[in-house]
Amino acid sequence: MTFDEEIAEGLAVPTDGWDFSWFDGRATEERPGWGYVRLCGEHLGRVDAALDVDTGGGEVFAESLGLAARVPGTVRATEGWAPNHAIASAALEPFGGVVTLVDGAAAPLPYDDGTFGLVTSRHPVSFPYAEAARVLAPGGTLLVQEVGAGSNRALYEFLMGPQEDRDAEYLDEVREQAAAVGLEMVRLRDKLTRVEFFDLAAVVHFLRKVLWTVPDFSVERYHDRLQALRAHIAEHGSFVCHSRRTLVEARKP
C-alpha cells in the first residue's frame with residue numbers, strides 16, 4: 001500500500017470501546033505476568049459490591065466478572081466518553097451492571113461513601129485516588145492497572161521529539177497518592193512490555209484510540225514524521241517500543 005492508503009486505513013477504523021482485535025497481525029503487545037483480569041476476577045468473587053472506573057467498553061470488567069466465583073450483588077461502572085456508554089452497558093447487562101456516564105476524569109464519583117468492597121480500573125486516563133478511597137468500604141480493596149509513566153516513550157518521542165522524563169519518580173508518586181488518601185499499599189508491581197507495530201495503519205489507529213500517547217495527534221500535524229516512521233518500518237520490518245504497566249493493589253483500613 002502507499003503512504004496515503006495506509007493512512008486512510010488507519011483513519012477508517014472505529015475507535016469505540018477497548019476491543020483491540022483489529023490489531024491482530026498488525027501489532028503485538030506483551031502482557032504483564034500478573035494477569036490483571038484473573039486477579040480482578042478473584043477479588044470480585046469475594047465482595048458484595050464492586051465498581052469499575054473508566055470502564056471503556058466494559059469488555060475487561062465483563063471478562064473479569066465472568067471469571068468470578070460469584071458475581072457481586074451490586075455491579076457499577078463509570079465511563080467518561082459518551083460513545084462507550086452504550087457499549088459498556090450492553091457488555092455489563094448480563095451481570096446486572098449499571099454504567100454511569102461521568103463528565104471527565106476529574107468528576108466526583110456518583111456514589112455514597114463506603115459503598116464498595118472493591119474498586120477497579122484498567123488503564124484509566126487519570127485515576128481518582130481520593131474519590132476511590134471515599135467510596136471504598138472499610139477493609140475494601142483497590143485494584144488498578146495503570147499506564148505507567150513513559151509508556152511507549154520511543155513512539156511518542158519519534159513523533160514529538162524529546163519529552164519530559166519523570167519515569168524514575170513515578171512509582172514513588174503512586175505510593176504517595178495512595179498514602180495521601182489513607183490507603184495501605186498491598187502490592188505495587190511495574191513492568192515494561194514489548195510493543196511492535198508492523199504497518200503504519202496500525203500506528204495511526206493506535207494513536208487515535210489511545211489518545212494520551214500523542215495528545216495533539218493528527219495526520220496533518222505529524223505528516224512528515226509519519227512518513228519517517230513508515231520508512232523505519234520498511235527498513236526494520238516493524239517499529240518497537242515498550243508500554244509500561246503498573247499494578248496497584250491497596251486496602252482501606
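Leaving aside neighbours within four places in sequence, with which residues is leucine 226 in contact? The close-up views below, taken from a predicted model, begin with this residue.

**View 1. Surroundings of leucine 226 in the predicted model.** Beyond its neighbours within four places in sequence, leucine 226 is in contact with Phe3, Ile7, Leu159, Leu200, Val204, Phe217 and Val219.

**View 2. The largest nonpolar core, to which Leu226 belongs.** This core has 26 residues. Leu226 is one of the residues with the most contacts inside the core, together with Leu155, Phe197 and Leu229. At least two core residues are supplied by each of α1, α6 (153–160), β7 (184–197), α8 (200–209), α9 (223–236) and β8 (239–251). Among the contributors, α8 gives the most, with 6 residues.

**View 3. Glutamate 6 in helix α1.** Helix α1 spans residues 3–12 and contains glutamate 6. The relative accessible area of glutamate 6 is 9%, and this residue is therefore classed as buried, the cut-off being under 20%. When neighbours within four places in sequence are left aside, the contacts of glutamate 6 are Met1, Asp199, Leu200, Ala201 and Arg230.

Definitions and conventions
Residues are numbered from 1 along each chain as its sequence is written. This is a predicted model: local features need pLDDT of at least 70, side-chain atom pairs count only at pLDDT 80 or more; totals for chains, interfaces and linings use all residues. Side-chain values use heavy atoms; hydrogens and water are left out. Helices (H or I, at least four residues) and strands (E, at least two) are DSSP runs, numbered from the N terminus. Buried means under 20% relative accessible area, exposed over 50%, partly exposed in between (1.4 Å probe, protein chains only). Contact means heavy atoms within 4.5 Å. A nonpolar core is a set of buried Ala, Val, Leu, Ile, Met, Phe, Trp, Tyr and Cys residues joined through side-chain atoms within 4.5 Å.
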